[in-house]
Amino acid sequence: MPWFPGRGPDGRLKSRFLEIPLRELRHGIAVHHPRFLAVPWIGMASNPFMLYRAAKQALARLAAEGFAFDAIDAHYLYPDGVAAVWLARDYGVPVVLTARGSDTSQLPQYRIPGRLIRAALAEADALIAVSAALKEGLVAIGAAPAKVTVLRNGVDLDAFRPEADREAARAGLGLDGPTLLSVGLLIPRKRHHLTIEALARLPGHTLLIAGEGPERGALEALAARLGVADRVRFVGPVPHADLPRYYTAADVMVLASAREGWANVLLESMACGTPVVATPAWGSREAVAAPEAGVVIDEATPAALAAGIRRVLADPPDRAATRAYAERFGWNETTAGQLALFRRVLARRRDGEPPWT
């Protein structure tokens with residue numbers, strides 16, 4: 001977990017990650033959260049080295065306690081993937097890296113991250129992309145095509161399902177009339193401002209935004225400036241267990257992100273029976289590939305977003321059909337693909353074969 005000492009002007013700790021315990025038990029599995037020093041302004045360059053150092057110390061402690069492992073599985077290429085490759089080199093084990101979006105589309109454009117990411121791609125035993133479009137992005141920055149396996153994200157179909165009484169869910173949230181929902185951190189990449197600007201073109205509609213982040217003040221000011229503050233509700237961070245109620249209550253889930261490898265919220269919404277409207281981004285067209293799923297608009301503008309929302313609301317798909325579409329994306333197939341890939345990687349290392357090139 002990234003950490004930097006001190007408190008902000010409000011007296012709160014600067015890093016929200018400090019609220020996370022150093023060790024916890026999830027589903028019977030011990031999870032460790034070592035801290036690494038993330039220095040403001042220079043963290044872009046220093047984070048891989050700091051993360052590597054902290055993780056190496058944590059692994060040394062675990063190894064002293066008798067922990068042994070066969071491979072390293074790392075998600076997000078930078079800084080995590082870079083540090084994972086160095087750790088794999090230290091311990092003489094194979095490493096699999098998963099790319100998820102901006103680690104492929106944006107970070108490689110920077111000098112130091114770009115150089116380290118490309119070196120990690122070359123040294124990793126195997127690579128995973130969460131969409132076919134993201135695989136193309138990996139190849140474009142130098143990954144060997146044969147080394148990349150596409151294993152898309154899935155959705156927990158038991159956790160995300162429609163609530164039995166949709167009207168009760170809507171009443172409990174105080175909703176009346178067409179309702180839009182956006183779920184995600186309040187950061188520039190999520191482009192919540194586009195959804196708020198689209199709302200100004202949709203009289204009588206209400207927008208719920210679930211999430212927290214540094215852009216909240218600016219987004220609230222935008223809503224006030226556009227005269228829609230009374231129709232935008234910032235509900236703050238919503239626990240995963242409560243999200244199905246929001247998805248169920250909404251008529252459309254809107255995702256306006258600039259970059260997404262494969263957005264989990266798309267499948268979560270559809271699994272609760274709610275169609276989606278999404279801007280074009282890696283993985284969006286693969287996830288939203290049928291009318292019952294919703295639509296992916298062609299350009300990321302407020303006008304296009306509003307038009308897409310009108311299109312879905314004018315002829316809404318049957319919510320049971322939307323749920324059935326999402327059922328094609330459970331985790332079982334992806335999990336089986338991961339296990340098969342790990343076994344191949346371990347077998348190649350055992351037999352002395354080089355990584356795929």
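Helix α7 (residues 192-199) is largely enclosed by the rest of the structure, because six of its eight residues are buried. The model is a predicted one. The buried residues of α7 are H192, L194, T195, I196, A198 and L199. Among the elements that cover them are the strands β9 (179-183), β10 (206-210), β11 (232-236) and β12 (252-255), together with the helices α8 (216-225) and α12 (302-314).

**Helix packing**

Helix α2 takes part in two helix contacts described here, one with α1 and one with α4 (residues 111-123). The table lists their geometry.

| Helix pair | Angle between axes | Distance between axes | Handedness of crossing |
|---|---|---|---|
| α1 and α2 | about 45° | 8 Å | right-handed |
| α2 and α4 | roughly 45° | within 9 Å | left-handed |

In the right-handed crossing of α1 and α2, the α1 side of the contact consists of M44, A45, N47, P48, F49, L51, Y52, A55, K56, L59 and A60. The α2 side consists of Y78, P79, D80, V82, A83, W86, L87, D90 and Y91. Sorted by class, this contact of α1 with α2 has 16 nonpolar, one polar and three charged residues.

In the left-handed crossing of α2 and α4, α2 contributes L77, Y78, G81, V82, V85, W86 and R89. Helix α4 contributes I112, P113, L116, I117, A120, L121 and E123. The contact of α2 with α4 has 11 nonpolar, one polar and two charged residues.

In a helix, residues three or four places apart point the same way, because an α-helix has 3.6 residues a turn.

**Aromatic pairs**

How many aromatic pairs does the structure hold? There are six aromatic pairs. One of them is the stacked pair of F67 and F69, with 5.8 Å from centre to centre and 25° between the planes. F67 counts as partly exposed, at 43% relative accessibility.

The pair of F69 and Y91 is tilted, because the ring centres are 5.3 Å apart and the planes are at 55°. F69 lies in the loop between α1 (43-64) and β5 (72-75), while Y91 lies in helix α2 (residues 77-91), so this pair ties together parts that are 22 residues apart in sequence. Y91 is partly exposed, with a relative accessible area of 31%.

Ring pairs also link F49, Y52 and W86 into a cluster. F49 and Y52 of α1 and W86 of α2 are among the residues that make the contact between these two helices.

Definitions and conventions. Residues are numbered from 1 along each chain as its sequence is written. This is a predicted model: local features need pLDDT of at least 70, side-chain atom pairs count only at pLDDT 80 or more; totals for chains, interfaces and linings use all residues. Side-chain values use heavy atoms; hydrogens and water are left out. Buried means under 20% relative accessible area, exposed over 50%, partly exposed in between (1.4 Å probe, protein chains only). Helices (H or I, at least four residues) and strands (E, at least two) are DSSP runs, numbered from the N terminus. Contact means heavy atoms within 4.5 Å. Rings of Phe, Tyr and Trp (its six-membered ring) pair if their centres lie within 6.5 Å; planes under 30 degrees apart count as stacked, over 60 as edge-to-face and the rest as tilted. Axes are lines fitted to C-alpha atoms, for helices over the stretch in contact, and angles run from 0 to 180 degrees between N-to-C directions. A crossing is left-handed if the near helix is turned anticlockwise from the far one by less than a right angle, and right-handed if clockwise. Ala, Val, Leu, Ile, Met, Phe, Trp, Tyr, Cys and Pro count as nonpolar, Asp, Glu, Lys and Arg as charged, and the others, Gly among them, as polar.
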